[in-house]
Amino acid sequence: MPEVEDQTAGTPEKADPVPSRLGAVLVRLVVVVAVLAVAGGGVWLVTRATAPVASPMTTEIPALQVVAVPIAVGSAAPDNAAVAGGGAQQTAPQQQSQPQNRSNADLLGNWASKIAPATGVPARALVAYGNAELAVRASQPGCKISWATLAGIGRIESNHGQYGGAILGGDGRPSKPIIGVPLDGSPGVKAIGDTDGGRFDGDRTTDRAVGPMQFIPGTWNRWASDGNGDGLGDPQQIDDAALAAGRYLCAGGRDMAAAGGWWAGILSYNNSTEYAQKVFGLADGYAKAARAVKVTG
């Protein structure tokens, strides 16, 4: 920090008594210490406020509330229903923070508000899933990712950003960080040592999946995305997380509209047939419910 200008410069020197000089030095020291304390405290507060805290275990596991449909792996892909803007259109992401896209954002918001009651998916989450579909279709048209598939994953992973009693806010962030169980090698759990120093999951011993789409920190580092146009990639922000999930599912030129491509994508997300069958049932149901609204609305 720049030094304070000496206000006595240019004036004749005076022989101050020693006690007076010592007093002035002590005063300056007190001021410096006080400034440093305030500055240090400010940094601590910012770091403390933004760092996630590893949440306690909870018996609320969204996946357990979903029934797996009896369908064979690779036999079919879920139904699909075009998101606002048209599934075949190569539309840019509907970044609500940018005025030039306001009409597109309004279109997506109106679409979400109409199908939310029919699907049971919060409108704010639907905006994120729909935006992710449009963004990925624009950059990877051959993938044909569906908002309904992303919604199926979002339902199983975090109940659309509402895991553990969290409330999904208008800014796309849950009211409290969504952080999964420790990946410590316990029965049914992979063993993944800490890769982020607790930056994303608040755990410096093992990794934990984070955010509405439950990304492992190491995976997020590779697929981090900015879905809401704020210049940041935040796994707790549902627009960012949904876009990252869409890009992840479309990796390697995968066609998510084809049976083989769809199953391969979901199983890459979670290598469990039961998990994929649950996502299938949800995605198929969401798409059909949305299609009915479009027909009758």
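Residues are numbered from 1 along each chain as its sequence is written. In this predicted model, local features need pLDDT of at least 70 and side-chain atom pairs count only at pLDDT 80 or more, whereas totals for chains, interfaces and linings use all residues, and side-chain values use heavy atoms, with hydrogens and water left out.

Helix H6 comprises residues 238-249, helices being DSSP runs of H or I with at least four residues, numbered from the N terminus. Eleven of the twelve residues of H6 are buried (under 20% relative accessible area, 1.4 Å probe, protein chains only), including Asp239, Asp240 and Tyr248. Helices H3 (123-139), H4 (147-158), H5 (217-223) and H7 (259-269) are among the elements that cover these buried residues.

Eight aromatic pairs are found in the whole structure, a pair being rings of Phe, Tyr or Trp (its six-membered ring) with centres within 6.5 Å. The rings of Phe215 and Tyr269 have centres 6.2 Å apart and planes at 70 degrees, so this pair is edge-to-face (over 60 degrees). Because Phe215 lies in the loop between H4 and H5 and Tyr269 in helix H7, the pair ties together parts that are 54 residues apart in sequence. Both Phe215 and Tyr269 are buried. Trp263 and Phe280 form a stacked pair, 5.9 Å centre to centre with 25 degrees between the planes (stacked: under 30 degrees). Trp263 and Phe280 are likewise buried. Phe215, Trp220, Trp223, Tyr248 and Tyr269 form one aromatic cluster.

Notes: Helix = DSSP H or I, 4+ residues; strand = E, 2+ residues; numbered from the N terminus. Expected span 1.5 Å × (residues − 1). Buried < 20%, exposed > 50% of the residue type's maximum accessible area, 1.4 Å probe, protein only. Contact = heavy atoms within 4.5 Å.
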